[in-house]
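Student: I have a model open and want to go through it piece by piece. Can you take my questions as they come?

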Amino acid sequence: MAKIPPVVHWVLIVAVLAAGLLLPKWLKSRSQEIAPQDSVEVAFRVPVRVETLAPAKLEERLNATGSVLANERIEIVSEISGKVDAILFEEGAKVSAGKVLVRLDTSTLEAERERARFRYELLQREEARQRQLLDDGLLSQQEYEFTVGEMNVLSAELQLRGAQLEKATIRAPFEGIVGLRSVSLGDYVSNDTRITTLQDIDPVKIEFSVPEAYARDLVVGNSIRFRVQGIDEPFEGRIYAAEPSIDPQTRSLTLRALADNPEGNLLPGAFAEVELAVREVEDALSVPSLAIVPELGGKKVYVLEEGRAEPRVVETGIRTETRVQITRGLEPGEQVIVSNIPRLARGIEVEVVEDSAEEPGA
């Protein structure tokens with residue numbers, strides 16, 4: 001192998017040292033050429049919607065289920081036994097109070113009344129004769145009083161037969177609609193035989209129950225709104241009575257309301273979906289339910305302050321399906337963040353993408 005001259009050996013050493021010193025400077029200048037001259041720092045902001053607080057009317061409403069009842073309903077029966085002699089009503093027809101519905105055969109009752117009347121008239125003449133004998137001292141007081149007693153018994157029997165004859169004519173006790181009849185001409189009826197039904201359905205009653213927690217908030221005079229199947233339009237009514245006690249089995253209070261039914265669209269027995277106002281605040285500050293953040297020992301919302309989300313501890317009042325009343329912690333005019341709540345934290349920067357223009361109580 002040829003020996004490297006000393007001069008070449010030192011030239012190589014100097015070249016390696018120079019490369020080691022110049023390479024870092026070249027790489028740095030190269031990276032500066034590739035990188036942008038003006039670096040822009042981008043800060044991430046959470047997009048949110050806000051709602052400006054303003055007082056508005058807020059109602060807490062309660063939903064319940066119930067049934068439509070007739071205002072008055074009875075089963076038409078006969079108070080005496082007898083054979084149906086005449087049926088004087090049409091099924092499903094409206095009848096006035098006092099309308100004759102059914103007549104029973106009265107031939108036997110009339111004969112019994114005539115017999116009692118004849119015997120009574122005989123005793124009247126006998127009593128007059130015995131009174132004269134008593135005055136003349138020819139009859140004892142005891143015999144006279146026995147005759148008077150017999151006469152009084154026959155007088156009572158006459159009154160009984162008269163009452164039975166009146167009851168043989170069955171009348172409608174109030175105005176209403178008769179149902180389907182359960183007897184035919186010639187049937188023998190007694191006091192447990194249903195002849196038909198009679199219902200007054202204008203107005204109708206709405207019976208429903210509410211949890212006992214609302215018992216003190218619902219009073220006579222409160223209005224309700226309800227719907228029945230098959231009819232799109234809601235009906236309105238007004239509470240007129242409530243049970244004086246809570247049902248211990250269901251822990252609920254039963255109430256009844258009256259609703260006008262001039263067209264007869266509401267039929268007794270129908271299922272009713274009832275909605276009623278429980279509490280009402282005229283000038284309430286409220287926020288959407290989703291804006292409320294529950295935490296240990298209380299609740300909070302986030303408000304917009306100088307482009308940042310800041311938490312506020314709040315106290316709440318009544319609520320609707322979508323909104324909650326704020327009773328403490330916020331003031332009118334403040335902007336409450338109502339979206340992207342899970343991504344918020346104290347002091348985080350936010351960007352308002354839409355300012356809700358809806359009424360707070362809507």
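Student: How many helices and strands are in the protein chain?
Tutor: This is a predicted model. The secondary structure of the chain comes to 3 helices and 20 strands.

Student: And what share of the residues is buried?
Tutor: Buried residues make up 32% of the 362 residues in the chain.

Student: What part of the contacts with a separation of 6 or more comes from residues 24 or more positions apart?
Tutor: Those residues account for 75% of such contacts in the protein chain.

Student: Helices next. At what angle do helix 2 and helix 3 pack?
Tutor: Helix 2 covers residues 107-135 and helix 3 covers residues 141-167; they pack at an angle of about 155°, and their axes are 9 Å apart. That angle makes helix 2 roughly antiparallel to helix 3, because angles over 145 degrees count that way.

Student: Is the crossing of helix 2 and helix 3 left-handed or right-handed?
Tutor: The crossing of the two helices is left-handed. Sorted by class, the contact of helix 2 with helix 3 has 11 nonpolar, 7 polar and 12 charged residues.

Student: Over how many bridges do strand 5 and strand 6 pair?
Tutor: Strand 5, residues 100-104, pairs with strand 6 over 3 bridges in the antiparallel sense. One of the residues involved is R103, whose bridge partner in strand 6 is T169.

Student: What about strand 15 and strand 16, how do they pair?
Tutor: Strand 15 (residues 293-295) and strand 16 (residues 298-305) are antiparallel, with 3 bridges. E295 has G298 in strand 16 as its bridge partner. Their hairpin has 2 residues between the strands, and G297 takes a positive phi near 85° in it.

Student: And strand 16 with strand 17, parallel or antiparallel?
Tutor: Antiparallel, over 7 bridges, with strand 17 running over residues 308-319. The bridge partner of K300 in strand 17 is V313.

Student: Which residue takes a positive phi in the hairpin of strand 16 and strand 17?
Tutor: E306 does, with phi near 50°; that hairpin has 2 residues between the strands.

Student: Different topic. Where is L180?
Tutor: L180 is in the loop between strand 7 (176-178) and strand 8.

Student: Does L180 count as buried or exposed, and why?
Tutor: L180 counts as exposed because its relative accessibility is 64%, and the cut-off for exposed is over 50%.

Student: What does L180 touch, then?
Tutor: Leaving aside residues up to four places away in sequence, L180 touches E91, I195 and T196. The C-alpha atoms of L180 and T197 are separated by 7.2 Å, and the two residues are 17 residues apart along the chain.

Student: Last one: Q325. Which strand is Q325 in?
Tutor: Q325 is found in strand 18, residues 323-328. Q325 has 11% relative accessibility, so Q325 counts as buried; the cut-off for that is under 20%.

Student: Which residues does Q325 touch?
Tutor: Setting aside residues up to four places away in sequence, Q325 touches L58, V281, A284, L285, S286, E315, T316, G317 and I318.

Methods: Residues numbered from 1 in each chain as written. Predicted model: local features only at pLDDT ≥ 70, side-chain atom pairs only at ≥ 80, totals over all residues. Heavy atoms only, no water. Helix = DSSP H or I, 4+ residues; strand = E, 2+ residues; numbered from the N terminus. Buried < 20%, exposed > 50% of the residue type's maximum accessible area, 1.4 Å probe, protein only. Contact = heavy atoms within 4.5 Å. Axes fitted to C-alpha atoms, helices over the stretch in contact; angles between N-to-C directions. Parallel < 35°, antiparallel > 145°, perpendicular 65-115°, else oblique. Left-handed = near helix turned anticlockwise from the far one by under 90°. Nonpolar A, V, L, I, M, F, W, Y, C, P; charged D, E, K, R; others polar. Pairing = 2+ DSSP bridges.
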